[in-house]
Amino acid sequence: LLVSKDLGKHLLEVEDLLQKHGLLEADISAQTERVQALNAAALKFSELEGYQPCDPQIICNRVNHVQTCLEELGELASKRRKELEDSRQLWAFFQEMEEAEAWIREKEKILATKTCGRDLSSVLTLTTKHKSMLGELGNRRALLHQTMKRGEQILAKKRFSPGGIQEKIREVRLRWKKLEEVTGLHQQRLQEALNFFQFSAETDDLVAWLQDTYRIVSSDDFGHDDYSTQALLRKHRVVVEEVEKHRAAVLALRKQVALLAPEHGQGVDVQIRVVEVEQLYGEVVEVAVLRQQWLQDALAVYRMFSEVHACEVWVDEKEQWLERMEVPEELDEVEVVQHRFESLDQEMNSVMGRILDVNQVVQQLVDGGHPSSEEVRSCQDHLNSRWNRVVELVERKKSQLSSVLKIQNYLLEC
């Protein structure tokens, strides 16, 4: 049993042989105690004095022979255990390498059937799974490294000449290298898909924002008075600032496309999409400029109307005063009225400046093609007409006062 050359042909068989060898070692251990007891008893016969049933030398030789045989048996048992353990290490190596190959084949099949997702959500899910696989790959790499190291140690011991250890190590190492290359390639494809779908999502968000902003800047609400128009103008300026902030994002689209993988970045749809975004941004900017001008024109109109109203209130007041006023005949009263007209001249100069400003604003609005040009022009004509009437009344009253003064001065001289 101990000189058997059967060291097993696979791991389970070696484990079975080791178990049987353990039983044999236990049996040898038990027989060792028995032999030692028998040898001790036999040696007593070699020490007898007087009558000796057997030659003491024969007893000693026999005891030594049995002891030597027992020691040789122990050496054989130790040698076979070592051989069986080496065999177990060898077949454990082959089994671990086969398991590694099976694991590699499984991952190769998984990677061969994996897609890169159809949208951002699926790509993110696949990326998470791939990261988990990379962690598993790292753990398996460490185990495989240990297994290969044990295989190299087996070769270094040279107790066996098992064929295939070096070949198995070389084969698994090549397959592992290929797996890492495929894994890296898949990771690159996932990253490229992630970049593309992130670009698409960001572009969609940008388009949605531009469309909402276009609806805002193309509004036909320009306010109904000075206050509401100023509020709209303040809001519009905030929108214009946001539009300007998004200019960099629009300009960066072509650079982002250039960084995408050729299969994504060189697609016609992507190129068209970028052009559409650029055109939409240009339209938003153009309409925003027009709306700002329209709001400013509306504000100018409302302010003009407010100024016209203030001037007409003054004109009404002075017109009524002039129409009611009667030129006095007494010199003292004439001088009082004359002082009033001097104050009126100062007021008229001030109002005249305001009316000229109104006329200038009206001319700018008309020249700019303002949609309310007719209404503005009508308001201007009405104000100018009333102003001319007041001027005529003033001149008439001044003329009457001048006549009265001449008469009074003539009478005084007489």
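Tutor: Helices here are DSSP runs of H or I with at least four residues, strands are runs of E with at least two, and both are numbered from the N terminus. We're looking at a predicted model: local features need pLDDT of at least 70, side-chain atom pairs count only at pLDDT 80 or more, and totals for chains, interfaces and linings use all residues. Numbering starts from 1 along each chain as its sequence is written, and side-chain values use heavy atoms, with hydrogens and water left out.

Student: In helix 2, what separates glutamate 85 and arginine 81?

Tutor: Their side chains meet in a salt bridge at 3.5 Å, N to O (Lys or Arg side-chain nitrogen within 4 Å of an Asp or Glu carboxyl oxygen). Because the two are 4 residues apart in helix 2, the separation is about one helical turn.

Student: Is the pair of tryptophan 103 and tryptophan 176 stacked or edge-to-face?

Tutor: Rings of Phe, Tyr and Trp (its six-membered ring) pair with centres within 6.5 Å; planes under 30 degrees apart are stacked, over 60 edge-to-face, the rest tilted. The count comes to 6 aromatic pairs. This one has 5.9 Å centre to centre and 25° between the planes, so by that rule it's stacked.

Student: How much area is buried between domain 2 and domain 3?

Tutor: An automatic or database assignment sets the bounds, giving domain 2 as 193–297 and domain 3 as 299–413. Their C-alpha centres are 51 Å apart, yet 11 residues of domain 2 contact 7 of domain 3 (heavy atoms within 4.5 Å). Buried area is the accessible area (1.4 Å probe) lost on putting two parts together, summed over both. Carbon and sulfur give 55% of the total, which is about 660 Å².

Student: Which element gives the largest share of the side of domain 2 that touches domain 3?

Tutor: Between these domains there are 0 salt bridges. Elements giving two or more residues to that side are helix 5 (226–245) and helix 9 (268–324). The largest share, 4 residues, comes from helix 5.
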